Amino acid sequence: MNILEAKNVTMQFGGLKAVDNFNLTLIQGELAGLIGPNGAGKTTVFNCLTGVYKPTHGTVHLSGVDTEPLKPFQISHLGISRTFQNIRLFKDLTVLENVLIASNQHAKHTMLDSIARLPRHFREEARLRDKAMELLRIFNLEGKSSIESGGLPYGEQRKLEIIRALATDPKVLFLDEPAAGMNHKETEGLMDTIAKIRKDFGLTVLLIEHDMKLVMGICERILVLDHGVTIAQGNPDSIRKDPKVIAAYLGVDEGGH
Amino acid sequence: MNDTPVKKIWKSIGTPVLSIVGFAILGQLIEGSTNQYVQLVCLGALANIIFAISLNLVNGFTGQFSIGHAGFMAVGAYVSGYLSTEVVKVPGLFDFFWFAIAGGLVAAAAGYVVGLPSLRLRGDYLAIVTLGFGEIIRVILINTPAVGGARGMGNIPRPVQVEIGEYALTPWYLYFLVAGFFVAISFIVLWRLTHSTHGRAFLSVREDEIAAQAMGIDTTKVKVRAFVISSFFCGISGAVFAHANQYLNPSTFTFTKSVDAIVMVVLGGLGSLTGSVVAAVGITFLMELGLRQVTEMIGIDLRMVIYPLILIFFMILRPQGIFGTKELPDLWRRR
């Protein structure tokens, strides 16, 4: 089943075509990678798919629903969640609060329940809190739940971004450079984590990454962007050998050899 | 979550009941030990508490910047004042209760009308719109003869009156209780709101709007909500203020009045309700009791020299405000 379908997505900023005719179909449960040199338009694709930008042309369907008229928060309610390349945690809030905010949309109590402190308020707050702690436990962050998230080490901030994204109960998870700034060992740990959450939560994952070991290691399908154009698509092996991809990353020998 | 019914009810109404009892005791203490002037200042402090905590919801918790909240206070003050003076000549306790709520509701409606279009704007732009709103309200009041125009509205009767012969008297203590009731309710509602799932939505908007949206928060709705709730309580503070002074004048609700509240909120700590309360009480007493005494002693009015100097030093020494984003109980818990 196609969970996400992007057709001819084009994003133009003034005279610059950041993304040109981007097509993507994600099948339920698949783990796909989006790679490309710096400035290829990868993050712009993410922003188009999550509604941060409205594409100049083209359509995005999520589980058959056209996302064109929807705002980013409505798209999130439909089941897309994401992390950000330049970490966007709620820095002054605690780790737990960060996760709780993401589960806001699942709260069943109204503002009046909270103001009057009715039993439903306590029940729901406890339920959401338990759920958030459960997620933190999976990532071994439960011991730091009351620390301000801005004070976490870099690698854990990236982890928390993933946890927060999971707390919205997504169907599709977009990871924007989850391994950026991580060392070898941390990256390997992250690969396991991504594989695990995908299985446990039944997620479809699309990730942007520069770490080739991670991309080649876990992605089943890879799309390569260069200057906004999709230049190649396929399994890791075929991508590795694709001359166009090699040219995009390493440059073309102008001499023609 | 297996509380007995009694405990459930207590969780809901325990703090409100306790705080009203607290105000009853506090009122007795103040009445027994101070003169009428100090007692009037205390009522002003109560109005300022509501004013400051309601502004904190917008400026502190939601991270927007309103500099026209005196406008909402004016709406609440004039609506309730008009009802007390013109509609019933001798308002009882419950009349006042409903008039204050009415003032709050009209202010909230104004907040909705101002907030809906302008909360799509960010930062400075919102500030300018709210500034404009505050001035519009003031100019409308000056030009409305029905509420006294530039002369102001006088003889606003306090509620809970005791009639002695042809005079209607309001014991200070009773009005203090009524005002205290509204302070308690405002504070508790805002506290419970900010300490819940719904309150965390306000914080997420302050922290990072784009991330909040990506996490499924309807940021526009959250901002409008904060603005409307804030203007509602601002209207309530106006009602308390109007009946404390028993006189209203449009020139009270200038930009300076809005700045007073901003100073209280920043000084107490953006995002700290208890901080706002401490700052509101502190500044009101400092201005009216502390510095006025100094002025009388030396014979020159240096209030507007000393007060800004205190603010400047405070902001240099503690830029995050008295409590920062923490609340009073947090400081306890740390030990």
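**A pair of strands, and beyond**

Modeller: Let's start in chain A, where strand β9 (residues 221–226) and strand β10 (residues 229–234) run antiparallel and are joined by 5 bridges. Strands here are DSSP runs of E with at least two residues, helices are runs of H or I with at least four, and both are numbered from the N terminus; two strands pair if DSSP finds at least two bridges between them. One bridge to look up is A:I222, whose partner in β10(A) is A:G234. β9(A) and β10(A) form a hairpin with 2 residues between them, and A:H227 in the turn has a positive phi of about 50 degrees.

Keep in mind that this is a predicted model, in which local features need pLDDT of at least 70, side-chain atom pairs count only at pLDDT 80 or more, and totals for chains, interfaces and linings use all residues. Residues are numbered from 1 along each chain as its sequence is written, with chains lettered from A and ligands numbered from 1 in the order in which they are written.

Now for where the chains meet: 35 residues of chain A and 25 residues of chain B make the contact, counting two residues as in contact if their C-beta atoms, placed from the backbone, lie within 7 Å. On the side of chain B that touches chain A, α1 (5–33), α6 (172–194), α7 (197–207) and α8 (209–214) of chain B each supply at least two residues. α7(B) gives the most to that side, with 7 residues.
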